[in-house]
Amino acid sequence: MIQSLEHHTLINKEVIKRLIDSAQINDEDLVLEIGAGEGNITKELCTKAKFVVAVEKDVKCVETLKLIKKENLQIIEGDFLEVKIPPWNKIVANPPFNILEPLMYYLSKRIFDCVVLIVGENFANELISVEKTRVSILSKSYFQVEFVERLSKQDFVPPPKTGTAIIKIKPKNKDSLNQTELFFREFFDQRDKTIKNSFIESCARVLKMTQRQAREKFNSLEIVGDKKVLLVKNEELINMSQAINSQK
């Protein structure tokens, strides 16, 4: 059994089946798998999907993946966040937990049918939590997240130290968002800007404030505004949320 980098191999065949069934894959689907490991999930995906792209950075695991002789399989060696990814409409994966938040940002910029992931249970709970954190606010502004099932540590080798779960993610229609969710979607969509500039622009677009009003509102929050959007802190987002709600 190969131990891939920061990866816990899913070995329970029944869980693999339920994971894939959750995505309702058919022979028209282009499926992306992130952190394919030894290919336990990959092999089953190839029997269901039109085409599968398996991304894996561990060299030893890549060599094992190459032993899967399927015409509808493409293996990409490298870091998911750095390699070029072909078109896809669904993701089914057991990704490394350390890329989960960057993966959420990646998904927020994509059009897709559904994403089914194995994640840490704490992360799953944060995605659907009413508590305001960077992850939960991002999640509610872009996605519908379903907690599918909790998994056993014995489903993996080596067993993870934390609890794990299967979640299903679907994109939210922009028209279904409330004002706060719409504001934060605009805010995170401008992630290349500074926090201050994105806040002001989002106020103008969503709350119909003038640039001057938005600037005054931001200055009253005592937030360091020259950082990039993705460096915003949880407490800063809470302050923004309170300021937005005071405008209703």
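The model is a predicted one, in which local features need pLDDT of at least 70 and side-chain atom pairs count only at pLDDT 80 or more, while totals for chains, interfaces and linings use all residues. Residues are numbered from 1 along each chain as its sequence is written, and side-chain values use heavy atoms, with hydrogens and water left out.

Helices (H or I, at least four residues) and strands (E, at least two) are DSSP runs, numbered from the N terminus. Strand 3 spans residues 51–56 and is mostly covered, with five of its six residues buried. Here, buried means under 20% relative accessible area, exposed means over 50%, and partly exposed lies in between (1.4 Å probe, protein chains only). Strand 2, at residues 30–34, runs parallel to strand 3 and is joined to it by five bridges. Two strands are said to pair if DSSP finds at least two bridges between them. Within this pairing, Leu30 stands opposite Phe51 of strand 3. Strand 3 also runs parallel to strand 4 (residues 73–77), again with five bridges, and here Val55 has Ile76 of strand 4 as its bridge partner.

Helix 2 (residues 40–46) forms a right-handed β-α-β unit with strand 2 and strand 3. Helix 3 (residues 59–65) does likewise with strand 3 and strand 4, in a β-α-β unit that is right-handed. The term right-handed applies to a crossover if, with the strands pointing away from the viewer, the path from the first strand over the helix to the second runs clockwise.

Strand 2 has another partner as well. Two bridges join strand 2 to strand 5, and these strands run parallel; Leu32 has Ile91 of strand 5 as its bridge partner. Strand 2 is itself mostly covered, since four of its five residues are buried. As a general point for reading such strands, side chains in a regular strand alternate between the two faces of the sheet.

Turning to charged side chains, a search of the whole structure finds twelve salt bridges. Each one is a side-chain nitrogen of Lys or Arg within 4 Å of a carboxyl oxygen of Asp or Glu. One of them brings together the side chains of Glu149 and Arg18, at 2.8 Å from N to O. This pair links distant parts of the chain, with Glu149 in strand 7 (residues 143–151) and Arg18 in helix 1 (residues 13–22), 131 residues apart. Glu149 counts as buried at 18% relative accessibility, whereas Arg18 is partly exposed at 36%.

A salt bridge also forms between the side chains of Asp29 and Lys90, at 3.0 Å from N to O. Asp29 lies in the loop between helix 1 and strand 2 and Lys90 in strand 5 (residues 90–93), so this pair ties together parts that are 61 residues apart in sequence. Asp29 is buried, with a relative accessible area of 4%, and Lys90 counts as buried at 7%.

In the salt bridge between Glu216 and Arg212, the closest N and O atoms are 3.4 Å apart. Both residues lie in helix 9 (residues 211–219), four residues apart, which is about one turn of the helix. Glu216 counts as partly exposed at 47% relative accessibility, and Arg212 as exposed at 63%. Elsewhere, salt bridges that share partners join Lys174, Glu186, Glu201 and Arg205 into one network.

The aromatic rings complete the picture. The structure holds eleven aromatic pairs. Rings of Phe, Tyr and Trp (its six-membered ring) pair if their centres lie within 6.5 Å; planes under 30 degrees apart count as stacked, over 60 as edge-to-face and the rest as tilted. Tyr105 and Phe188 form a tilted pair, 6.4 Å centre to centre with 40° between the planes. Tyr105 lies in helix 4 (residues 100–108) and Phe188 in helix 7 (residues 179–189), so the pair ties together parts that are 83 residues apart in sequence. Both Tyr105 and Phe188 are buried. The rings of Phe187 and Phe188 have centres 5.4 Å apart and planes at 80°, so that pair is edge-to-face. Phe187, like Phe188, is buried. Ring pairs link Tyr105, Phe183, Phe184, Phe187, Phe188, Phe199 and Phe218 into a cluster.
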